[in-house]
Amino acid sequence: MDALQVSDSDILFACTNSDEYHLIILPTEKCNFHCAYCYEDHSIGKMSREVVESVKLLLAKNIPSVAHLSIDWFGGEPLLGMSVIREVNGFANEFIKERGIATALRSAITTNAFLLGPDVFSELLGLGVSEYQISLDGPKEMHDKTRVQVGGGGSFDRIWSNLTQIAKIDGEFRILLRVHVTEENIGSVPKLLADIKASFGHDSRFKIFLKAIQNLGGYGAEFASAVGLDEHDFRLAQMEEELRGPNEFWHPNSICHASKFNSFIIRADGRVSKCTTALYDDINIIGRLRRDGSLDLDRDKVLAWSRGLFTMNRDILYCPLGGIHKHAGCSQCEPATS
(Lines give C-alpha, C1' and ligand atoms only; values in the text may rest on other atoms or scores of the structure.)
Protein backbone atom coordinates (compact mmCIF):
# COMPACT_ATOMS: atom_id res chain seq x y z
CA MET A 1 0.00 0.00 0.00
CA ASP A 2 1.26 3.43 -0.88
CA ALA A 3 2.38 5.41 2.17
CA LEU A 4 0.14 8.30 1.13
CA GLN A 5 -2.91 6.03 1.35
CA VAL A 6 -2.24 4.96 4.94
CA SER A 7 -4.00 7.04 7.57
CA ASP A 8 -2.44 8.04 10.88
CA SER A 9 -4.92 5.81 12.71
CA ASP A 10 -3.89 2.85 10.51
CA ILE A 11 -0.24 3.50 11.34
CA LEU A 12 -0.91 3.70 15.07
CA PHE A 13 -2.89 0.47 14.94
CA ALA A 14 -0.19 -1.36 12.97
CA CYS A 15 2.58 -0.21 15.31
CA THR A 16 0.85 -0.62 18.66
CA ASN A 17 -1.73 -3.36 18.10
CA SER A 18 -1.62 -5.58 21.18
CA ASP A 19 -3.23 -8.42 19.20
CA GLU A 20 -0.05 -8.80 17.15
CA TYR A 21 3.44 -9.87 18.21
CA HIS A 22 6.46 -9.92 15.89
CA LEU A 23 9.83 -11.53 16.58
CA ILE A 24 12.86 -11.58 14.29
CA ILE A 25 15.10 -14.35 15.61
CA LEU A 26 18.76 -14.92 14.74
CA PRO A 27 19.41 -18.64 15.40
CA THR A 28 23.05 -18.01 14.54
CA GLU A 29 25.05 -15.01 13.38
CA LYS A 30 27.58 -17.16 11.52
CA CYS A 31 27.36 -17.48 7.75
CA ASN A 32 28.52 -19.91 5.07
CA PHE A 33 29.05 -17.00 2.65
CA HIS A 34 31.56 -14.16 2.60
CA CYS A 35 29.68 -11.63 0.46
CA ALA A 36 31.79 -8.76 -0.80
CA TYR A 37 29.47 -6.02 0.52
CA CYS A 38 28.28 -7.61 3.78
CA TYR A 39 28.15 -5.42 6.90
CA GLU A 40 27.99 -8.25 9.46
CA ASP A 41 31.05 -9.59 11.31
CA HIS A 42 29.57 -13.07 11.97
CA SER A 43 31.32 -13.25 15.34
CA ILE A 44 28.44 -14.79 17.31
CA GLY A 45 27.73 -18.48 16.87
CA LYS A 46 24.64 -20.63 17.23
CA MET A 47 22.01 -19.77 19.83
CA SER A 48 22.70 -21.56 23.10
CA ARG A 49 20.35 -24.01 24.78
CA GLU A 50 19.66 -21.44 27.52
CA VAL A 51 18.61 -18.74 25.03
CA VAL A 52 16.47 -21.20 23.03
CA GLU A 53 14.58 -22.15 26.20
CA SER A 54 14.11 -18.47 27.03
CA VAL A 55 12.71 -17.80 23.54
CA LYS A 56 10.19 -20.60 24.07
CA LEU A 57 9.20 -19.09 27.42
CA LEU A 58 8.82 -15.69 25.73
CA LEU A 59 6.45 -17.25 23.21
CA ALA A 60 4.51 -19.08 25.92
CA LYS A 61 3.99 -15.77 27.73
CA ASN A 62 2.74 -13.92 24.65
CA ILE A 63 0.92 -16.42 22.42
CA PRO A 64 -2.24 -16.65 24.57
CA SER A 65 -2.82 -12.90 24.40
CA VAL A 66 -2.32 -12.26 20.66
CA ALA A 67 -4.36 -13.09 17.58
CA HIS A 68 -1.39 -12.92 15.20
CA LEU A 69 2.15 -14.13 15.85
CA SER A 70 4.95 -13.51 13.35
CA ILE A 71 8.28 -15.32 13.66
CA ASP A 72 10.90 -14.27 11.12
CA TRP A 73 14.32 -15.93 10.83
CA PHE A 74 17.43 -13.92 10.02
CA GLY A 75 21.19 -14.26 10.47
CA GLY A 76 24.06 -14.74 9.54
CA GLU A 77 22.65 -17.60 7.58
CA PRO A 78 19.68 -18.89 9.58
CA LEU A 79 19.72 -22.35 8.00
CA LEU A 80 23.04 -22.99 9.78
CA GLY A 81 20.79 -22.93 12.87
CA MET A 82 18.08 -25.17 11.40
CA SER A 83 17.78 -27.11 14.65
CA VAL A 84 16.79 -23.89 16.44
CA ILE A 85 14.19 -23.05 13.77
CA ARG A 86 12.83 -26.58 14.02
CA GLU A 87 12.55 -26.41 17.80
CA VAL A 88 11.13 -22.90 18.16
CA ASN A 89 8.59 -23.04 15.32
CA GLY A 90 7.67 -26.55 16.38
CA PHE A 91 7.10 -25.32 19.93
CA ALA A 92 4.93 -22.43 18.78
CA ASN A 93 2.79 -24.69 16.60
CA GLU A 94 2.33 -27.29 19.34
CA PHE A 95 1.60 -24.67 21.98
CA ILE A 96 -1.17 -23.19 19.83
CA LYS A 97 -2.57 -26.60 18.90
CA GLU A 98 -2.48 -28.21 22.36
CA ARG A 99 -4.20 -25.26 24.04
CA GLY A 100 -6.75 -24.73 21.30
CA ILE A 101 -5.64 -21.12 20.93
CA ALA A 102 -6.90 -19.14 17.94
CA THR A 103 -3.53 -17.44 17.36
CA ALA A 104 -2.49 -17.42 13.70
CA LEU A 105 1.22 -18.08 13.12
CA ARG A 106 3.01 -16.49 10.17
CA SER A 107 6.68 -17.29 9.63
CA ALA A 108 9.32 -16.06 7.17
CA ILE A 109 13.03 -16.49 6.55
CA THR A 110 15.80 -14.48 4.91
CA THR A 111 18.29 -17.01 3.55
CA ASN A 112 21.01 -17.27 0.93
CA ALA A 113 19.28 -20.55 -0.10
CA PHE A 114 22.52 -22.53 -0.48
CA LEU A 115 21.21 -25.05 2.08
CA LEU A 116 17.58 -24.70 0.97
CA GLY A 117 17.23 -28.02 -0.82
CA PRO A 118 13.75 -29.46 -1.46
CA ASP A 119 13.79 -31.60 1.70
CA VAL A 120 14.72 -28.65 3.91
CA PHE A 121 12.17 -26.47 2.15
CA SER A 122 9.41 -29.04 2.66
CA GLU A 123 10.29 -29.31 6.35
CA LEU A 124 10.18 -25.52 6.73
CA LEU A 125 6.78 -25.41 5.02
CA GLY A 126 5.57 -28.01 7.50
CA LEU A 127 6.79 -25.79 10.33
CA GLY A 128 4.76 -22.88 8.95
CA VAL A 129 7.59 -20.99 7.23
CA SER A 130 5.83 -19.80 4.08
CA GLU A 131 7.71 -16.61 3.10
CA TYR A 132 11.28 -16.60 1.79
CA GLN A 133 13.68 -13.84 0.79
CA ILE A 134 16.61 -14.99 -1.35
CA SER A 135 19.29 -12.75 -2.85
CA LEU A 136 20.85 -13.01 -6.29
CA ASP A 137 23.61 -10.73 -7.57
CA GLY A 138 22.95 -11.03 -11.27
CA PRO A 139 23.54 -14.02 -13.56
CA LYS A 140 26.11 -16.66 -12.60
CA GLU A 141 29.20 -14.84 -13.86
CA MET A 142 28.41 -11.77 -11.72
CA HIS A 143 26.76 -13.48 -8.75
CA ASP A 144 29.74 -15.77 -8.17
CA LYS A 145 32.07 -12.78 -7.87
CA THR A 146 30.28 -11.31 -4.86
CA ARG A 147 28.29 -14.11 -3.16
CA VAL A 148 31.22 -16.38 -2.42
CA GLN A 149 31.27 -19.34 -0.07
CA VAL A 150 33.41 -18.99 3.05
CA GLY A 151 35.69 -21.77 1.85
CA GLY A 152 35.87 -20.32 -1.66
CA GLY A 153 33.86 -20.97 -4.79
CA GLY A 154 30.69 -19.56 -6.25
CA SER A 155 27.14 -20.26 -5.13
CA PHE A 156 24.83 -19.50 -8.07
CA ASP A 157 24.44 -23.00 -9.50
CA ARG A 158 23.45 -24.52 -6.16
CA ILE A 159 20.96 -21.74 -5.37
CA TRP A 160 19.39 -21.86 -8.84
CA SER A 161 19.09 -25.65 -8.66
CA ASN A 162 17.35 -25.35 -5.30
CA LEU A 163 14.94 -22.75 -6.69
CA THR A 164 14.00 -24.89 -9.69
CA GLN A 165 13.35 -27.90 -7.45
CA ILE A 166 11.31 -25.83 -5.00
CA ALA A 167 9.14 -24.56 -7.86
CA LYS A 168 7.98 -28.16 -8.38
CA ILE A 169 6.66 -28.43 -4.82
CA ASP A 170 2.94 -27.95 -4.28
CA GLY A 171 1.91 -25.61 -1.51
CA GLU A 172 1.21 -22.04 -0.60
CA PHE A 173 4.37 -20.00 -0.20
CA ARG A 174 6.03 -16.83 -1.47
CA ILE A 175 9.62 -16.51 -2.59
CA LEU A 176 10.94 -12.99 -2.92
CA LEU A 177 13.98 -12.94 -5.21
CA ARG A 178 15.98 -9.96 -4.04
CA VAL A 179 18.14 -8.96 -7.00
CA HIS A 180 21.09 -6.86 -5.86
CA VAL A 181 22.11 -4.22 -8.36
CA THR A 182 25.50 -2.49 -8.42
CA GLU A 183 27.31 -0.21 -10.82
CA GLU A 184 29.37 -3.26 -11.74
CA ASN A 185 26.55 -5.71 -12.50
CA ILE A 186 23.74 -3.45 -13.71
CA GLY A 187 24.41 -4.25 -17.36
CA SER A 188 23.89 -7.98 -16.76
CA VAL A 189 20.84 -7.80 -14.46
CA PRO A 190 18.37 -7.79 -17.38
CA LYS A 191 19.76 -11.21 -18.37
CA LEU A 192 19.01 -12.54 -14.89
CA LEU A 193 15.52 -11.06 -14.98
CA ALA A 194 14.94 -12.78 -18.33
CA ASP A 195 16.13 -16.10 -16.85
CA ILE A 196 13.80 -15.64 -13.88
CA LYS A 197 10.92 -14.97 -16.24
CA ALA A 198 11.76 -18.04 -18.32
CA SER A 199 12.05 -20.36 -15.32
CA PHE A 200 9.45 -18.94 -12.92
CA GLY A 201 7.32 -16.57 -14.98
CA HIS A 202 4.41 -19.00 -14.84
CA ASP A 203 4.51 -19.18 -11.04
CA SER A 204 2.98 -16.26 -9.15
CA ARG A 205 4.53 -17.52 -5.90
CA PHE A 206 7.83 -16.00 -7.06
CA LYS A 207 8.23 -12.22 -6.77
CA ILE A 208 11.10 -9.87 -7.61
CA PHE A 209 12.64 -7.05 -5.60
CA LEU A 210 15.36 -4.91 -7.19
CA LYS A 211 17.70 -3.52 -4.53
CA ALA A 212 20.60 -1.14 -5.08
CA ILE A 213 23.64 -2.12 -3.02
CA GLN A 214 24.72 0.61 -0.60
CA ASN A 215 27.47 1.05 1.95
CA LEU A 216 26.20 -0.18 5.32
CA GLY A 217 29.60 -0.36 7.00
CA GLY A 218 31.38 -3.49 8.20
CA TYR A 219 34.04 -5.37 6.32
CA GLY A 220 32.22 -4.86 3.00
CA ALA A 221 32.14 -1.07 3.23
CA GLU A 222 34.99 -0.42 0.82
CA PHE A 223 33.53 -2.66 -1.88
CA ALA A 224 30.01 -1.29 -1.43
CA SER A 225 31.28 2.27 -1.70
CA ALA A 226 33.08 1.47 -4.93
CA VAL A 227 30.12 -0.15 -6.74
CA GLY A 228 27.08 1.21 -4.90
CA LEU A 229 24.07 2.78 -6.61
CA ASP A 230 21.49 5.35 -5.63
CA GLU A 231 18.30 3.43 -4.87
CA HIS A 232 16.40 5.90 -7.05
CA ASP A 233 18.64 5.34 -10.09
CA PHE A 234 16.44 5.65 -13.20
CA ARG A 235 17.90 2.40 -14.55
CA LEU A 236 16.22 0.42 -11.76
CA ALA A 237 12.83 1.90 -12.59
CA GLN A 238 13.44 1.21 -16.27
CA MET A 239 14.16 -2.47 -15.62
CA GLU A 240 10.97 -2.78 -13.60
CA GLU A 241 8.98 -1.18 -16.38
CA GLU A 242 10.40 -3.53 -19.00
CA LEU A 243 9.66 -6.77 -17.14
CA ARG A 244 6.08 -7.33 -16.07
CA GLY A 245 3.97 -10.41 -15.48
CA PRO A 246 3.03 -12.82 -12.67
CA ASN A 247 6.36 -12.14 -10.94
CA GLU A 248 5.24 -8.64 -10.03
CA PHE A 249 7.83 -6.41 -8.45
CA TRP A 250 7.71 -6.00 -4.71
CA HIS A 251 7.89 -2.54 -3.13
CA PRO A 252 8.65 -1.81 0.54
CA ASN A 253 5.91 -1.18 3.06
CA SER A 254 5.59 2.30 4.52
CA ILE A 255 6.33 1.30 8.11
CA CYS A 256 9.54 -0.37 9.27
CA HIS A 257 9.18 -3.09 11.88
CA ALA A 258 11.71 -1.19 14.01
CA SER A 259 9.14 1.60 14.51
CA LYS A 260 6.63 -0.77 16.04
CA PHE A 261 6.16 -1.31 19.76
CA ASN A 262 5.15 -4.92 19.11
CA SER A 263 8.27 -5.98 17.19
CA PHE A 264 11.63 -7.18 18.57
CA ILE A 265 14.82 -8.82 17.31
CA ILE A 266 16.24 -11.63 19.46
CA ARG A 267 19.98 -11.96 18.78
CA ALA A 268 21.73 -15.34 18.95
CA ASP A 269 23.32 -14.36 22.28
CA GLY A 270 20.01 -13.22 23.84
CA ARG A 271 20.41 -9.48 23.30
CA VAL A 272 17.34 -7.62 22.04
CA SER A 273 17.47 -5.15 19.13
CA LYS A 274 15.16 -3.30 16.76
CA CYS A 275 17.07 -3.02 13.46
CA THR A 276 18.72 -5.79 11.42
CA THR A 277 21.13 -3.32 9.80
CA ALA A 278 22.62 -1.50 12.80
CA LEU A 279 23.47 -4.70 14.67
CA TYR A 280 26.66 -3.32 16.20
CA ASP A 281 25.45 0.10 17.28
CA ASP A 282 24.77 0.59 20.98
CA ILE A 283 21.52 2.47 20.30
CA ASN A 284 20.25 -0.76 18.72
CA ILE A 285 20.93 -2.89 21.80
CA ILE A 286 17.68 -2.12 23.56
CA GLY A 287 17.75 -4.88 26.15
CA ARG A 288 18.16 -8.57 26.86
CA LEU A 289 16.00 -11.67 26.97
CA ARG A 290 15.84 -12.91 30.57
CA ARG A 291 16.03 -16.60 31.43
CA ASP A 292 12.34 -16.58 32.44
CA GLY A 293 11.28 -15.40 28.98
CA SER A 294 10.67 -11.76 29.90
CA LEU A 295 12.34 -8.82 28.14
CA ASP A 296 14.55 -6.44 30.10
CA LEU A 297 14.28 -3.31 27.94
CA ASP A 298 15.80 0.15 27.97
CA ARG A 299 12.73 2.41 27.82
CA ASP A 300 14.53 5.42 26.36
CA LYS A 301 16.04 3.39 23.51
CA VAL A 302 12.70 1.77 22.70
CA LEU A 303 11.08 5.20 22.54
CA ALA A 304 13.87 6.48 20.28
CA TRP A 305 13.10 3.78 17.72
CA SER A 306 9.35 4.45 17.91
CA ARG A 307 9.61 8.26 17.94
CA GLY A 308 7.92 8.49 14.54
CA LEU A 309 4.66 7.46 16.18
CA PHE A 310 4.60 10.67 18.20
CA THR A 311 5.07 12.95 15.18
CA MET A 312 3.56 10.78 12.42
CA ASN A 313 6.66 11.58 10.36
CA ARG A 314 6.44 9.10 7.49
CA ASP A 315 10.17 9.22 6.71
CA ILE A 316 11.06 8.26 10.28
CA LEU A 317 8.38 5.56 10.36
CA TYR A 318 9.80 4.11 7.14
CA CYS A 319 13.36 4.12 8.51
CA PRO A 320 13.74 5.10 12.18
CA LEU A 321 17.48 4.47 11.94
CA GLY A 322 17.73 7.72 10.00
CA GLY A 323 18.46 10.56 12.41
CA ILE A 324 19.55 8.31 15.25
CA HIS A 325 23.17 8.80 16.17
CA LYS A 326 25.51 9.06 13.17
CA HIS A 327 23.17 7.27 10.77
CA ALA A 328 21.57 8.90 7.77
CA GLY A 329 19.18 5.98 7.27
CA CYS A 330 19.68 2.52 5.93
CA SER A 331 17.03 2.23 3.18
CA GLN A 332 17.90 -1.46 3.46
CA CYS A 333 14.73 -2.84 5.03
CA GLU A 334 14.31 -6.60 4.90
CA PRO A 335 11.13 -7.14 2.90
CA ALA A 336 10.42 -10.65 4.16
CA THR A 337 10.47 -9.44 7.73
CA SER A 338 8.75 -6.11 7.47
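Author: Let us begin with helices H6 and H7, which are roughly parallel to each other, a label given to angles under 35 degrees, while angles over 145 count as roughly antiparallel, 65 to 115 as roughly perpendicular and the rest as oblique. Helices (H or I, at least four residues) and strands (E, at least two) are DSSP runs, numbered from the N terminus. The model is predicted, with local features needing pLDDT of at least 70 and side-chain atom pairs counting only at pLDDT 80 or more, whereas totals for chains, interfaces and linings use all residues. Residues are numbered from 1 along each chain as its sequence is written, and side-chain values use heavy atoms, with hydrogens and water left out.

Reader: At what angle do the axes of H6 and H7 cross?

Author: Axes are lines fitted to C-alpha atoms, for helices over the stretch in contact, and angles run from 0 to 180 degrees between N-to-C directions. For H6 (residues 156–166) and H7 (residues 189–200), the axes cross at roughly 30° and come within 11 Å.

Reader: Which residues make the contact of H6 with H7?

Author: Contact means heavy atoms within 4.5 Å. On H6 the residues are Phe156, Trp160, Leu163 and Thr164, and on H7 they are Leu192, Asp195, Ile196, Ser199 and Phe200.

Reader: In what order do the strands of the sheet lie?

Author: Strands of a sheet pair through backbone hydrogen bonds, either parallel or antiparallel. Two strands count as paired if DSSP finds at least two bridges between them. Here 10 strands form an open sheet with mixed pairing, in the order S6-S5-S4-S3-S2-S1-S7-S8-S9-S10. Strands S6 (206–212) and S10 (295–297) stand at the edges with a single partner strand each, so one side of each has no neighbour in the sheet. The twist from one strand to the next averages 25°.

Reader: How many bridges join S1 to S7?

Author: Strands S1 (residues 20–25) and S7 (residues 263–266) run parallel and are joined by 4 bridges, and Ile24 has Ile265 of S7 as its bridge partner.

Reader: Where does H3 pack on the sheet?

Author: H3 touches S1, S2 (68–73), S3 (104–111) and S4 (129–136), and its direction makes about 170° with that of S2. Helix H4, in turn, lies across S4 and S5 (174–181), running at about 140° to S4.
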